Amino acid sequence: MKLAVPRVGSIGYMAQDVCARLGLGYVQTPEYTERTVMRGVAISPELFCFPMKVLLGSSIDALEAGADTLVTVAGFGACRFNYFGELQRRILEREGYEFEIVVFDSPRDAPADFLRNLKAVLKASDGGIISVVRSMKLSLRKGRAFDEVNRRAIALRGIETEEGATDEAVADSLEMLSGAWSAREIDEAREAIGDRFGAVPVDPGRPHLRVGVTGELMMAIEPYFNLDIERWLAKRGAVLERSLYMSDIFTPMGRNPVSGMDDAEIERMALPYLCHEVGGHGQINVAAALEYARRGFDAVVHFFPFTCLPEVIARTLFVRAAEDMDIPILSLSIDEQTGRAGLQTRLEALVDLAWARKNAA
Amino acid sequence: MIVGVPRALLYHQYGGSWTAFLDSLGVETLLTQATSGETVLAGTERADNETCLPMKVFAGHLIQLKDSCDAVLVPRVVSQYHRTKSCPKYLGLPDVARALEPDLPPVLDPRMDLADRRARWTSDWNALALEWGASRGGAALAVHRMKEALREIEPLPSRPVEGGLRVGIAGHLYNMFDSRASLGLLDKVRDTGAGVLTIEQVSRHQVRRQLRTLQRKIYWDFEGRIVGGVLHWNRTACVDGIIYVSSFACGPGSMIGALLEDQLGREDSVPFMNITLDEHSAEGGLITRVEAFMDMLKRVGVERPRTRGGGGVAR
């Protein structure tokens with residue numbers, strides 16, 4: 001069995017780690033390219049949302065790279081993604097590919113399905129159920145450490161005094177983390193990473209923008225789709241916070257340790273604009289954007305795929321919230337037609353506006 | 001006290017129960033007029049440009065209520081059936097309503113969570129009735145009347161199907177019942193002399209039986225009914241053609257549209273047409289497509305008489 005997972009944030013990192021622990025074959029899904037997108041679009045129904053089209057193209061890349069089992073997640077959510085796994089199977093079958101697919105449901109909502117899928121993984125692995133669960137927990141711990149590196153990096157890159165110092169710290173940190181195996185080693189690596197980032201030369205006194213990045217997972221996290229927003233904004237003197245980290249989503253009980261907002265807090269922060277969860281990550285993004293506004297951020301960027309259900313609701317609410325709370329919130333809708341120059345122009349306008357407001361204040 | 005109710009979205013499904021509740025309390029109800037061209041235009045200007053047609057229609061109805069009532073009733077329909085979830089648009093509807101129009105009177109958002117067998121959601125409605133000054137008995141009666149009305153949701157008035165071609169039309173009630181949004185599709189098909197079947201005429205039991213043949217359960221209630229109904233029509237050979245009506249940018253609709261196309265393609269299926277509606281849909285284009293579809297059905301009927309049995313079903 002050689003499995004591949006969608007390429008979004010730290011999923012790949014965690015999957016590779018868990019496969020190494022369980023002795024499963026793992027194939028890294030190749031990087032997104034224009035060809036990935038075009039092939040995905042070609043075989044997708046017109047009204048699929050953009051991440052689904054991309055994932056279809058990306059699955060083909062993974063299968064061609066030697067994977068034979070596609071692992072993906074669904075969940076008892078209201079967002080249309082919960083039916084994607086099944087359609088992915090049907091469409092790729094129709095296109096003549098041969099593969100197995102395992103669609104993991106959230107263990108909290110569909111425990112029976114989760115266990116059934118776990119069994120499929122178990123059959124191919126060395127260990128029993130206890131070792132599988134233990135390995136998953138360890139990989140998740142490592143994934144959190146990985147995401148924390150990212151969180152620290154985006155908070156520093158905009159104010160570093162030596163260009164590239166943050167990127168060096170990131171590279172060193174991942175090096176430290178890669179050898180960590182047991183829970184203790186991972187925790188030690190995390191501490192060492194904290195010290196390493198403490199040594200990055202920064203100038204907190206330099207004028208800088210504080211910008212929040214929110215949005216649908218793939219669009220907000222993957223640099224291919226958002227103009228590499230983290231570096232792009234850092235170059236223009238912005239320190240960032242992001243609402244979503246992949247390891248948070250896999251952490252049970254809604255604790256979200258990396259972003260630091262648990263589900264109860266999110267529910268409270270989203271008030272009074274949103275009083276109910278709306279599937280996907282709509283509520284988290286609304287909560288985060290409002291919280292950034294309350295904490296006095298200079299701007300919020302919101303990326304989402306064209307016609308995304310939860311994020312379109314979020315955008316509707318942002319229009320009102322931006323006015324009430326006096327903060328620029330730029331919602332950018334992305335699909336296969338999106339041009340980089342158009343995206344860049346609008347982001348430049350946002351940065352100019354944020355600087356002008358900051359200098360006027 | 002006048003309570004405004006937009007005649008849009010789930011009003012077409014649960015409106016009877018909402019008005020039963022309001023009537024029982026003796027609250028004056030202001031229901032917006034049927035959708036017109038202006039409603040769609042006004043809603044399109046107001047709503048987010050990436051939402052679906054029914055949301056734009058909803059926005060159009062909502063802003064009509066701005067100055068003419070003391071409160072607007074926009075129930076938050078969390079789920080519609082056991083073990084299902086609503087579309088995100090319904091989950092956030094009251095919040096969107098507040099954001100769309102800041103000068104709106106207070107938006108009342110009691111929950112409806114029909115998946116909950118213990119019906120704990122009715123406490124929201126009870127509290128609402130008490131807030132309006134109803135006695136405890138009066139409030140309980142109003143909630144009871146509402147639940148009674150929920151039990152009997154009226155099917156579309158269907159004409160008896162005689163001879164001719166029979167066409168199954170599958171789509172959301174807010175499009176089918178709204179002759180502006182669906183551009184009078186039902187009547188246009190009937191005018192060609194065909195008999196029309198709609199999704200509400202397929203029983204829950206039949207829907208469940210068909211859905212069990214799919215590998216993955218569909219978590220949206222109405223979309224599940226559409227899929228189950230369409231498969232039932234096709235597999236029992238009770239229609240000559242199927243028209244599936246969805247709205248542009250409808251999330252669940254886009255998924256089950258793809259699912260139906262794939263599944264029907266794997267079976268020996270009657271002709272299937274997908275019509276996507278948005279605010280730009282024009283009547284002329286619709287007529288052309290319906291006519292072409294009906295002509296095709298006639299020819300298929302000549303060339304391939306109906307001999308399909310149950311048969312094995314690939315999935």
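Is Ala249(B) buried or exposed?

1. Ala249(B) counts as buried, with a relative accessibility of 3%, where buried means under 20% relative accessible area, exposed over 50% and partly exposed in between, for a 1.4 Å probe and protein chains only. This residue sits in the loop between strand 9 and helix 12 (251-266) of chain B, helices (H or I, at least four residues) and strands (E, at least two) being DSSP runs numbered from the N terminus. Although Ala249(B) is not a glycine, its phi is positive, at about 70°.

2. A word on the basis of this note: this is a predicted model, in which local features need pLDDT of at least 70 and side-chain atom pairs count only at pLDDT 80 or more, while totals for chains, interfaces and linings use all residues. Residues are numbered from 1 along each chain as its sequence is written, chains are lettered from A and ligands numbered from 1 in the order in which they are written, and side-chain values use heavy atoms, with hydrogens and water left out.

3. Two further backbone features are found in chain A. Most residues other than glycine have a negative phi, and most peptide bonds are trans. Asp326(A), however, has a positive phi near 55°; this residue is placed in the loop between helix 14 and strand 8 (329-334) of chain A, and is exposed, with a relative accessible area of 53%. The peptide bond from Leu271(A) to Pro272(A) is cis, with omega near -5°, and Pro272(A) belongs to the loop between helix 12 (263-270) and helix 13 (282-294) of chain A.

4. Over all chains there are 46 salt bridges, each being a side-chain nitrogen of Lys or Arg within 4 Å of a carboxyl oxygen of Asp or Glu. One of them links Arg216(B) and Asp105(A), at 3.1 Å from N to O. Because Arg216(B) lies in the loop between helix 10 (204-211) and helix 11 (221-235) of chain B, and Asp105(A) in the loop between strand 4 (100-104) and helix 5 (111-124) of chain A, this pair joins two chains. Arg216(B) is buried at a relative accessible area of 11%, and Asp105(A) is buried at 5%.

5. Within chain A, the side chains of Arg320(A) and Glu323(A) form a salt bridge of 3.9 Å, N to O. The two are three residues apart in helix 14 (residues 309-325), and are therefore separated by about one helical turn. Arg320(A) is buried, with a relative accessible area of 14%, whereas Glu323(A) is exposed at 57%.

6. The second largest pocket holds about 800 Å³ of space. A pocket here is an open set of points on a 1 Å grid over the protein atoms alone, where a 1.4 Å probe fits, with protein on both sides within 12 Å along at least five of seven lines, and lining residues have an atom within 4 Å of a point. Of its 32 lining residues, the closest to the centre are Arg7(A), Gly9(A), Phe146(A), Glu222(A) and Pro223(A). Helix 6 of chain A gives the most to this lining, with five residues. Since domain 1 (2-127) and domain 2 (207-361) of chain A both give residues to the lining, the pocket lies between them, the domain bounds coming from an automatic or database domain assignment.

Notes:
Points joined across faces, edges and corners; volume = space filled by probe spheres on them.
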